[in-house]
Amino acid sequence: FLALKIANVNWQSKLNKAAHHTSDYSSTEAILRRGQAFNITLNLQTTVQPGDNFTFIASTGPSPAESQQTKAIFNLSEEGASGWSATQEPSEPDCMNFTILSPANAVIGRYKLKLQIVSGNKVSSTLLGQFVLLFNPWCPNDDVYMANEKERQEYVLNDSGIIFQGLEKYIQQEAWNYGQFEEDILDISLAILDRSLNHRQDPAVDVSNRNNPIYVTRVISAMVNSNDEKGVVEGKWNGKYCSGTNPLQWSGSVTILRKWYRGRYKPVRYGQCWVFAGVMCTVLRSLGIPTRVITNFNSAHDRNINLSIDKYIDISGKTLHLTEDSVWNFHVWNESWFIRRDLGSFYDGWQVLDATPQERSKGIYQCGPASTRAIKEGDVNLDYDSSFVFAAVNADYVTWIHYSNKRKERIFSDTRKIGKFISTKAVGTNSRVDVTANYKYPEGSLKERQVYKKALKLLGVRSTGKRTKITRPRRRSAVARRQNMTQPAQKPSISGKLILDASPVIGQDILLTLALRNLISDFKTIKVKLSASAILYTRKPKAEILQLSRSIKLGSEEVKEISFKISYSQYKNSLMGDRKILVTALCETKQGASLLVEKDIVLQDPFLSIKVLGPTVVHKAVNVQVTFTNPLSEMVTDCVLRAEGSGLLKEQLRINVARMAPMESSTVQFEIIPYKSGTRQLQVDLVCIHFSDIKGFVMLDVAPA
């Protein structure tokens, strides 16, 4: 008897990867997508006997079993019960070609492939090798199927992007390096699944569930934050970041994921919402699930899910922390594309996932997938966490004055403030696309009001606008509030607006004007209390910058303007990290009518320019010149210029900038050697302890070698 001897196995890596849209992965391993055939060739040392029977065994996970769909046994030319099949193709005499097809609902992950040969009464078994199987948005039978090729290029294959930040009236573009194809990133993504609580509790069941994008995305949303199971990123929204990296200083996911992996799974410090969303986008794209990053401006964090965010201020206009609710200038989450077998086809499409640890869901800090259709229709009872996301885009914003004798007065209820300009990067370009209409019907429309009522009812919020368990001062029902925009109950007798004289750059004084208008024909004196605080993007005050009081006399229907400034010396120590200031003016008349005017200010980035000195071609060195200016009228020392970009720099580059004189411009030059063709994003970040980062990016078209 001659056992069939195999000299070597050719996994046809180049051909298979091209066919499976996995050529971008920086790994020599066979990386394949489910529901699609791949080819392997066996080079033989001996010849095949006529009666030889061939059986393939594909297995994944720690304890593969056919009953769990983690092991498939299939014979040549017959489709096995598992949905896997193999056929033999014509070949040269000393080799064999096989085409192997996995089912479109196969478990994803790393597989072993064995070949068993039965020759007469002898059985021999050979390990042919390993491969990684991913989700397949190109396959019509896969739950993550996406029909449009341009969308697949963007949401699966684009390894850089834009995350929108700032304010609803001042939306900023921040570049982010997803880098899902960079070395180790796919391995790290698979390791994330293996570190989850579900995997630790029951590895066999966990692996068998990995055929389902609903399951995989929910597990990843829990694992990207460090809260329950030592996940990837540790969040921090207050104090100093001495024991880690300031969240503003990250420019991409690759550095973070590698740091977690190389540091033996110790959570990386620190992240805020866009960091969690950027990392989750990388992991899900690397596994083959179409994913994008979404920014919601004026995002409600409604702790008790009663669809009302209460803001309390004292008589000087200072925010009081009497409630856990908050409104963030913006919040960033993800959407992934797949069908909802659990809910029905109406809810297929974009699903919201949020890895920022805000609230527990079934005992764990995870959020989603919540169907955007469910949110739009007010189906807040549907899995998973649709009520939390509904509140983030729909809650009412109610302002109260809290007097020292514990008396409260509601001065305004705003039904239109929350959930504005919901944004994502466009397909194929860096421009902003507004997706608010995917989340809600037009503000003030009949349909929007019906959806809001339906959600209140499903949440068990009584029409007094309070949750059954929560006692609150009585107020007009949420529905009545929706129908009557003139709040408070008595007509306001004054209106006001804070106007920024110029868009301020860090290092300069900030000039503001408060314009007050008397709306009725009597004479009145108004007490104005102005305060300015440095805030985080969550609008949580970090430090008080300024407080002043003025008294103003307004004649009949008169308009008056008060100018004031916040000097650089007043704000410089408070604005080390974020560049955000909240200015509030509380205006009170003798008659007791109160008006609160608020303005969020973001200080602009000083100038930074990036020039690429020559054509960019794969494997050819090219110089990059970066010019930037010290915005301050003082000497600045110990700055670091950092550069990164997938396909351009394998690791983050750091260059020390020793010192910069006041208002001085500086130029730094460095070399890049592109290693991937196509559109690439080069990011540059000047990090300095004297002011927050100055960031810039440039898109490069890299020609193939």
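Student: At the start of helix 6, the backbone nitrogen of which residue has a side-chain oxygen of Asn-212 within 2.9 Å?
Tutor: The model is predicted: local features need pLDDT of at least 70, side-chain atom pairs count only at pLDDT 80 or more, and totals for chains, interfaces and linings use all residues. Residues are numbered from 1 along each chain as its sequence is written, and side-chain values use heavy atoms, leaving out hydrogens and water. Helices (H or I, at least four residues) and strands (E, at least two) are DSSP runs numbered from the N terminus. At the start of helix 6, the side-chain oxygen of Asn-212 reaches to within 2.9 Å of the backbone nitrogen of Ile-214.

Student: How many residues of helix 6 are buried?
Tutor: Buried means under 20% relative accessible area, exposed over 50% and partly exposed in between, with a 1.4 Å probe and protein chains only. Among the buried residues of helix 6 are Pro-213, Arg-218 and Met-223. Helix 6 covers residues 213–223 and is mostly covered, the buried count being 11 of 11.

Student: Roughly what angle is there between the axes of helix 6 and helix 8 where they cross?
Tutor: Axes are lines fitted to C-alpha atoms, for helices over the stretch in contact, and angles run from 0 to 180 degrees between N-to-C directions. Helix 6 and helix 8 are roughly antiparallel, a word for angles over 145 degrees, while under 35 is roughly parallel, 65 to 115 roughly perpendicular and the rest oblique. The axes of helix 6 and helix 8 (residues 273–287) come within 10 Å and cross at roughly 150 degrees.

Student: Which residues in helix 8 meet those in helix 6?
Tutor: Contact means heavy atoms within 4.5 Å. From helix 6 come Val-216, Thr-217, Ile-220 and Ser-221, and they meet helix 8 at Met-280, Val-283, Leu-284 and Leu-287.

Student: Is the crossing of helix 3 past helix 7 left-handed or right-handed?
Tutor: Helix 3 (residues 185–194) and helix 7 (residues 254–262) pack at about 60 degrees with axes 10 Å apart, and are therefore oblique. A crossing is left-handed if the near helix is turned anticlockwise from the far one by less than a right angle, and right-handed if clockwise. The way helix 3 passes helix 7 is left-handed.

Student: Which residue has a side chain joined to that of Ser-361 by a polar contact of 2.8 Å?
Tutor: Ser-361 is in the loop between strand 18 (349–353) and strand 19 (370–371), and is buried at a relative accessible area of 5%. A polar contact is a pair of N or O atoms within 3.5 Å; within protein, one must be able to donate a hydrogen and the other to accept it, and residues adjacent in sequence count only if both atoms are side-chain atoms. The contact of 2.8 Å joins the side chain of Ser-361 to that of Arg-218.

Student: The backbone oxygen of which residue lies 3.1 Å from a polar atom of the side chain of Asn-225?
Tutor: Asn-225 is in the loop between helix 6 and strand 12 (233–235), and is buried, with a relative accessible area of 0%. A polar atom of its side chain lies 3.1 Å from the backbone nitrogen of Asn-227. Leaving aside neighbours within four places in sequence, the residues in contact with Asn-225 include Gly-231, Phe-276 and Pro-357. The backbone oxygen 3.1 Å from a polar side-chain atom of Asn-225 belongs to Tyr-365.
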